[in-house]
Amino acid sequence: MDPRYDSLRWQPSQPAAPEPWQTPGPWPNGSPGGAGPGIPGWLEERLFDQRIVMIRGSLTGHTASSTAAALLTLDASGPEPIQLHVASGSGDLNAAHAVIDVIDAMTAPVHAVVTSEAGGAVLAVLAAAQQRSAYRHARFRLAEPRAAGVMGTADEVAAAAGQHLRELEEVVLRLVEVTGQTRSRIEDDLSAGRILSAEEAKAYGLIDTIVGKGGTLEE
């Protein structure tokens with residue numbers, strides 16, 4: 001399904017109780033698309049059938065597992081492109097790397113579409129896609145992903161901090177490669193929490209195209 005003909009605009013939502021027609025299944029969220037609660041199961045299955053996977057709300061380890069399972073299943077079913085619809089302004093760095101590793105290992109190309117927002121660790125997932133686009137009113141927030149709370153001895157906390165810095169460096173280097181910006185600029189913008197419009201994100205190099213007025217892709 002081509003994003004230019006997609007009339008659905010997904011917005012992040014808070015977790016909600018499952019709808020009556022959603023039944024448990026083998027997927028982490030009860031349905032194959034990886035979008036999490038808030039989307040009726042029948043609709044998510046229709047999207048999955050059209051090779052669409054969604055990331056909505058904060059990217060957690062649970063969401064990453066569901067997204068990875070959906071991507072791997074679609075990858076095994078054929079080489080056609082898979083659309084990853086992103087509406088997530090934050091996320092756990094470890095969860096983001098879990099999705100990135102799957103995308104890097106896949107045969108089918110992943111085309112990411114930012115439908116409302118992308119920020120923090122989710123930007124690294126966006127950068128891992130082979131093609132990147134966004135709706136005209138999507139927003140991008142360059143923000144340094146925070147480390148998850150770590151408890152333990154001083155040595156354990158220090159080891160966790162060192163691992164976080166190494167993973168953060170991977171994010172920076174991937175953004176440098178995709179955008180063409182200098183490392184110092186990427187690091188400064190992440191520290192400042194810079195916010196970009198879709199047009200600014202395109203000029204910055206975060207996305208390739210914008211889903212324009214009338215459903216056409218602007219190059």
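Five of the five residues of strand 1 are buried, so strand 1 is largely enclosed by the rest of the structure. The model described here is predicted.

Strand 1, residues 52-56, pairs with strand 2 in the parallel sense. Five bridges join the two. In one of these pairings, Arg56 has Ala87 of strand 2 as its bridge partner. The chain passes from strand 1 through helix 2 to strand 2, and this β-α-β crossover is right-handed.

Helix 2 covers residues 61-77. At 1.5 Å a residue, its 17 residues should span 24 Å. The end C-alpha atoms of helix 2 are 24 Å apart, which agrees with that expectation. Several positions in helix 2 are buried, among them Thr63, Ala64, Thr67, Ala68, Leu71 and Leu74. Ser66, Ala70 and Asp75 of helix 2 are buried too. In an α-helix there are 3.6 residues a turn, so residues three or four places apart point the same way. The buried residues of helix 2 pack against helix 1 (41-49), strand 1, strand 2 and helix 3.

Strand 2 spans residues 82-88 and runs parallel to strand 3. Six bridges join this pair. Ser88 has Ala118 in strand 3 as its bridge partner. Between strand 2 and strand 3 the chain crosses through helix 3 (residues 93-105), and this β-α-β crossover is also right-handed.

Strand 3 comprises residues 110-119. Nine of its ten residues are buried, so strand 3 is largely enclosed by the rest of the structure. Besides its pairing with strand 2, strand 3 is joined to strand 4 by four bridges. Strand 4 covers residues 131-135 and runs parallel to strand 3. Ala112 stands opposite Arg132 in strand 4. Strand 3, helix 4 (residues 122-128) and strand 4 form a right-handed β-α-β unit. Strand 5, residues 139-141, also runs parallel to strand 3. Three bridges join strand 3 and strand 5. Here Glu117 stands opposite Arg139.

Asp189 is buried, with a relative accessible area of 11%; the cut-off for a buried residue is under 20%. Leaving aside residues up to four places away in sequence, Asp189 touches Leu142, Arg194 and Tyr204.

The chain as a whole has seven helices and eight strands. Of its 219 residues, 48% are buried. Among contacts between residues at least 6 apart in sequence, 66% join residues at least 24 apart.

Key
Residues are numbered from 1 along each chain as its sequence is written. This is a predicted model: local features need pLDDT of at least 70, side-chain atom pairs count only at pLDDT 80 or more; totals for chains, interfaces and linings use all residues. Side-chain values use heavy atoms; hydrogens and water are left out. Buried means under 20% relative accessible area, exposed over 50%, partly exposed in between (1.4 Å probe, protein chains only). Contact means heavy atoms within 4.5 Å. Two strands pair if DSSP finds at least two bridges between them. A crossover is right-handed if, with the strands pointing away from the viewer, the path from the first strand over the helix to the second runs clockwise. The expected span of a helix is 1.5 Å times one less than its number of residues.
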